[in-house]
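Subject: Handing over a structure

Dear colleague,

I am passing on a structure that you have not seen before, and I would be grateful if you could look through it. The sequence and the coordinates come first, and my notes on what was found follow.

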Amino acid sequence: MEWLVSGLTITIQLSLISMVLAFLLGLVLAVMKMSPFRPLRWFAVGYLEFFRNTPLLVQIFFWYFGSYKVLPEAVNTWLNDLNFEFAAAVIALAIYTSAFIAEDIRSGIRAIPKAQMEAAQSSGFSYLQSLRFVILPQAVRLTVPPLINQFLNLTKNSSLAMTIGVMDLTYQARQIESYTFKGLEAFTAATLVYLAISSIIAGLVTLYSRKALFPLKVH
Amino acid sequence: MSVDFDCTVIWTNMTYFLVGRFPHGPLGGIALTLYLALVACLLSFIGGIILGMMNVSSYKPLKYLSLALVNAIRGIPLIMVIFWMYFLLPAFLGRTVAENWTVILALTLFTSAYMSQIVKAGVESVPKGQTEAALSTGLSPRQVMLFIVLPQGLRNMIPSFVNQFVSLIKDTSLAFIVGVSELTQVATQINNRTIIYPTEIFMFIAAVYFVMCFTFTSLSRRLEKRLAWKL
């Protein structure tokens with residue numbers, strides 16, 4: 001039982017840290033993909049396509065086993081001083097999820113009619129001001145539900161971290177199975193915990209859409 | 001930083017990457033990855049249609065049963081589904097199940113739940129007038145669903161199905177966990193044997209997965225455009 005609780009703590013830590021990083025990365029990528037400067041756009045497209053079209057597990061293995069050759073020495077030592085398994089899992093999860101988040105943010109921004117931008121600019125706002133005061137406040141509201149869904153996916157995906165020895169919820173369930181042979185109980189408990197997390201997050205999305213999105217649906 | 005890549009490890013193990021120990025042993029590598037994805041895709045296509053039909057059924061118990069199943073599966077990680085199959089299926093059946101089939105069944109169950117949502121959306125996208133017109137020409141509700149609504153709905157679903165197939169290719173990498181020798185497993189084996197080339201090996205299989213998935217992602221985008229123009 002304590003094993004499952006400690007596993008749950010790791011799962012939650014892993015998901016939250018990765019989510020924050022993934023969101024920041026995703027935001028940068030979304031802006032890059034919409035930038036008028038071509039090399040930036042190409043870089044973003046390449047990044048998104050590559051990381052969305054390779055399995056997360058392979059990415060985790062790459063960061064865990066293979067990253068020492070492509071990262072600078074200083075970064076390697078720094079990562080080793082931290083908990084390396086955990087750090088590799090965070091890097092892989094954040095990079096993988098950021099590619100999906102970038103698309104969500106971009107479609108949120110594109111969902112705001114172009115006329116809004118034109119109207120804002122013709123009433124004297126600069127480009128950045130209209131983005132900041134007119135477009136983004138609306139886009140953010142549209143983007144929140146898909147983002148929460150991505151967080152849900154991220155939480156489920158974090159279970160893959162067990163393959164490199166991060167002691168998350170799935171790892172602990174497996175551990176209990178091999179130590180006590182009470183596999184049925186352990187897996188049932190872990191499954192129920194995942195289900196509870198998913199239901200809470202899904203409930204949040206419904207609540208949010210009802211409360212915050214309704215005024216937008218009018219146009 | 002030591003950027004001295006040595007790709008000979010890829011070339012010397014190429015057949016192992018491609019087919020595993022195939023002529024002298026079980027199929028593996030890229031071929032097994034594609035095989036798992038294809039079989040699971042076909043099965044979950046059928047499973048998805050059944051679950052999707054149950055989902056839009058007017059018979060309440062059937063509807064709630066399928067909703068509960070779909071939501072439960074979508075709420076847990078695939079790795080949990082694989083573990084359930086791996087540890088508990090033999091216990092229920094009273095005999096062992098081949099790893100390949102454990103994985104195929106887990107993937108099928110998991111993907112069917114997602115496919116059912118696609119089927120549901122596809123069926124609901126067919127205009128209601130079609131159902132009414134068909135009913136008024138004397139077809140029974142079951143005939144209307146089978147011959148009028150489903151065929152039209154399926155056409156709208158094709159791009160989403162292709163996307164699911166891409167997810168399946170990516171998900172087969174999890175078969176590694178129960179020891180099925182597909183591409184990821186083969187890569188870790190070669191990595192364990194050679195020890196000093198992890199970067200080259202994992203970059204290579206990432207590239208292989210990318211080529212396989214990107215082909216189908218592009219296909220799905222093209223289909224989406226083509227089908228949208230015609231409708």
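Leaving aside its neighbours within four places in sequence, Q150(A) is in contact with T97(A), F100(A), I101(A) and D104(A), where a contact means that the C-beta atoms of two residues, placed from the backbone, lie within 7 Å. Q150(A) belongs to helix α7 of chain A; helices (H or I, at least four residues) and strands (E, at least two) are DSSP runs, numbered from the N terminus. Between the C-alpha atoms of Q150(A) and T97(A), which stand 53 residues apart along the chain, the separation is 7.3 Å. Q150(A) counts as buried because 22 other C-beta atoms lie within 10 Å; the cut-off for buried is 20 or more other C-beta atoms within 10 Å of a residue's own, with 12 or fewer for exposed and partly exposed in between, C-beta atoms being placed from the backbone.

Before going further, please keep in mind that this is a predicted model, in which local features need pLDDT of at least 70 and side-chain atom pairs count only at pLDDT 80 or more, while totals for chains, interfaces and linings use all residues. Residues are numbered from 1 along each chain as its sequence is written, and chains are lettered from A and ligands numbered from 1 in the order in which they are written.

The two chains

Chain A has nine helices and zero strands, and its C-alpha trace spans about 70 × 45 × 25 Å along the principal axes. Of its 219 residues, 37% are buried, and 77% of the contacts in chain A with a separation of 6 or more join residues 24 or more positions apart.

Chain B has ten helices and zero strands, and its C-alpha atoms fill a box of roughly 70 × 50 × 35 Å, again taken along the principal axes. Here 39% of the 231 residues count as buried, and residues 24 or more positions apart account for 70% of the contacts with a separation of 6 or more.

Helix packing

In chain A, the axes of helix α1 (residues 2–33) and α8(A) come within 7 Å and cross at roughly 155 degrees, the axes being lines fitted to C-alpha atoms, for helices over the stretch in contact, and the angles running from 0 to 180 degrees between N-to-C directions. That angle makes α1(A) roughly antiparallel to α8(A), given that angles under 35 degrees count as roughly parallel, over 145 as roughly antiparallel, 65 to 115 as roughly perpendicular and the rest as oblique. The residues of α1(A) that meet α8(A) include W3(A), L4(A) and T11(A), and those on the α8(A) side include L169(A), Y171(A) and I176(A). This contact divides into six nonpolar, five polar and no charged residues, with Ala, Val, Leu, Ile, Met, Phe, Trp, Tyr, Cys and Pro taken as nonpolar, Asp, Glu, Lys and Arg as charged, and the others, Gly among them, as polar.

In chain B, helix α3 (residues 29–56) and helix α6 (residues 99–125) pack at an angle of about 45 degrees, with their axes 6 Å apart, and the two are therefore oblique to each other. By class, their contact has 16 nonpolar, nine polar and one charged residues. Helix α4 (residues 60–74) of chain B also packs on α6(B), the axes coming within 9 Å and crossing at roughly 115 degrees. There, V70(B), I73(B) and R74(B) of α4(B) meet L109(B), F110(B), A113(B), Y114(B) and S116(B) of α6(B).

Between the chains

The contact between the chains takes 32 residues from chain A and 32 residues from chain B. On the side of chain A that touches chain B, α2 (38–52), α3 (56–66), α7 (127–157), α8 (169–180) and α9 (183–213) each supply at least two residues, and α9(A) gives the most, with nine. That side has 15 nonpolar, eleven polar and six charged residues.

Not counting residues up to four places away in sequence, F202(B) touches V58(A), F61(A), F62(A), F65(A) and G66(A), together with A187(B).

With best wishes
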